[in-house]
Structures are given as C-alpha cells and as structure tokens.
Amino acid sequence: MSMATRLSIRSFLTNREQCILLLLLLPLMHSLAQTPVRVVTLNELSMGTVTAGRNLLIRPSDAGAAKFRVESNRDTTAIIRFFLPSQCSSLQGNDQLRVEFTAEGAAWSVQDAVSGSTMFDPRQPLTLQLQQNRPVYVWVGIMAYPHRFQQAGRYATNITLTIISLR
Amino acid sequence: MMKRIFVLGLALCAISLAAFAQTSTTANVTANVNAALTITNTGALALGNVAQGATVTITSLTAGAATFTIQGAASAGTTVTVTDPVNLTFGANNLPFTGQIPRFNVANVQATSTAFGALTGGSTTTSAGGQLFLWIGGSVTASGSQAAGSYSGTITVSFTQP
C-alpha cells in the first residue's frame, strides 16, 4: 500500500473503522503467507509405445498413469479439478494424437497404493475432505486413439491438477 | 459515507477471497508412436505346369515370383523372416518345394532389387515412406510318378521393426 493511498484512506476512515479494517484484513494476510494445501506430481503420465491404428488405454492402476500427492496442513474441504488435453502434439511434425479421459479414468486413496482406491471421473470436479498432514494420492490414466496413418515419433502434452481449499 | 462503504466492501471481498486457497501442478503426458505395421501379399508364386520328372524354378528375380509389400515406420530397420513350405500338396500327394533367396527393394522395381543373405530373409531399411517390397521365388521337382493335380502351399512372411 503506497503512502498516498494510506493517507487517502486515513482521510475518510475514522480510527475505529481503520482498526476494524485492519482486523478484517488479518486473515487475508495470514492466508497469503500460508497456503494450506499442496499438490505434488509424483509420476508423469507415460503411454509408452503406441502403434498407429491401435487404441491404447492406460488405467489409473497401470504403471504409466500419472500420480499426484495432495496434502494439507489442516483439516479442510478441497476441490480437485483437472485441466485435461484432447490431444498430444508430435514433437517432430505437425500430427496430433487424439486422447480422451474416461469416466473411470482416475482414482484416489489415502493409501499410497492404487489397489483399493476409489475411482472417479477426472472430467468432473472432485470434493475431498483433507485431514491435517494426511496425504491423498491421485492417479490418472488416459485413452489414446492413434489413427491408421499416425505419424511415427514422440508426442507430448500435459495435464494440470488444481486444488481449491475451502476454509 | 459512500467511500467508507466502498472501502469496507473491498475489505470484505478480500476476506471472502481469503476463504479459498488454490494451488496446482502439472504432469507431462508422453507417447511414442510407431507407424502401423502391415504386410500384404500382392502376388502369388506361380510355378505353372510341371511335367513328371521335371523341375520348374521361378527365381526371386523373375516374373512370377511371389510379391509382398511391407508398410511400416519410415526409414526404419526392418527384419524380414520368410518360412517356405517343405512341400506343395494336392490331397495326400506332396510336391517337394525349395525356396529361393528372397529379394527386397524400397521401390517397387524387381529388376533392381537386392537379395537377402539367406532363404529365411534378413534385415534392411524401409523407404522414407515406410515401404519395402519383397520378391520370393521357388522351385519344385515332380517325380516320375507324380500324381497330376493342382498343388499349393503357403509361404509365410513376417517382419519386425524396433
């Protein structure tokens, strides 16, 4: 806040109102200093070798699935949301590899093991109850649809996982 | 008074925003695509008529050789494996078959093709378009008492690319 702005606010707020304003802003400053949730990418999503003309499914339980760890330093309700691509781009040429995420394309668990995890649709937001210092693991698979004349080579894109913590 | 309401409103908005915290991460998604691998028999090995006690040979460099077209990854190392039949058959009758060393070319031109190193094929490289053309000949020798009839057999060709 600049000096000019501060003087301006002082000019039309009473001392009592300034105190109230300060008290109201304290939670904001506190939250800015400390983000309660954290998400880390543990595994990238690798489809391995895909043959042109043959669809390939990577399940959340497959080794090539993406894996994330979500944790919070306090009990909180969090919304998980993915930003998912519809295609991968060839790194060598102009071709695109169509990809899709299915209704059972993701899973989550409080255990660091995909067996026994809960499936969910990564295309829809997921609400989770995060417990303090108890991470939740999330896995995401993919479906690839290479066309018959898909250009050979390496393809890439990325997925983004966003966590919104509700106080 | 309006300014006060405005500033206090701003503060309340800030507080409501502070009620949410957001963070995100990304994961790379990668795939290695191999071109579709296909092999097509585009012509049968036609040995024609064979007289009893005679031998007929169609080399891999002459018309009548079996022809195959491979479609795979572009400019890729390719190992071709050929399995010839031991006999052509007509009912219970056998006509001994001997394969010819197969030939290959990245262009569909038999005359300038190159022989593999063995009857069972070998390794080479596909064209820039991923194609490889093959020619396979063979010979049969009919015995003096060979039963008359139409004899047939199957030449099996497969290929792999890394």
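The model is predicted, so local features need pLDDT of at least 70 and side-chain atom pairs count only at pLDDT 80 or more, while totals for chains, interfaces and linings use all residues. Residues are numbered from 1 along each chain as its sequence is written, and chains are lettered from A and ligands numbered from 1 in the order in which they are written.

Begin with the largest nonpolar core, which has 42 residues. Such a core is a set of buried Ala, Val, Leu, Ile, Met, Phe, Trp, Tyr and Cys residues joined through C-beta atoms within 7 Å. A residue is buried if 20 or more other C-beta atoms lie within 10 Å of its own, exposed if 12 or fewer, and partly exposed in between, with C-beta atoms placed from the backbone. Select L45(A), V70(A), V138(A) and A31(B), which are among the residues with the most contacts inside this core. Strand 1 (residues 20-34) of chain B supplies the largest share, five residues; strands (E, at least two residues) and helices (H or I, at least four) are DSSP runs, numbered from the N terminus. Apart from this core lies another, of 15 residues, including L45(B) and I70(B).

Next, display chain B, which has one helix and 13 strands. Of its 162 residues, 26% count as buried.

Finally, select T55(B), in strand 3 (residues 55-58) of chain B. T55(B) counts as exposed because it has 12 C-beta neighbours inside 10 Å. V140(B) is 85 residues from T55(B) in sequence, yet their C-alpha atoms are 5.6 Å apart.
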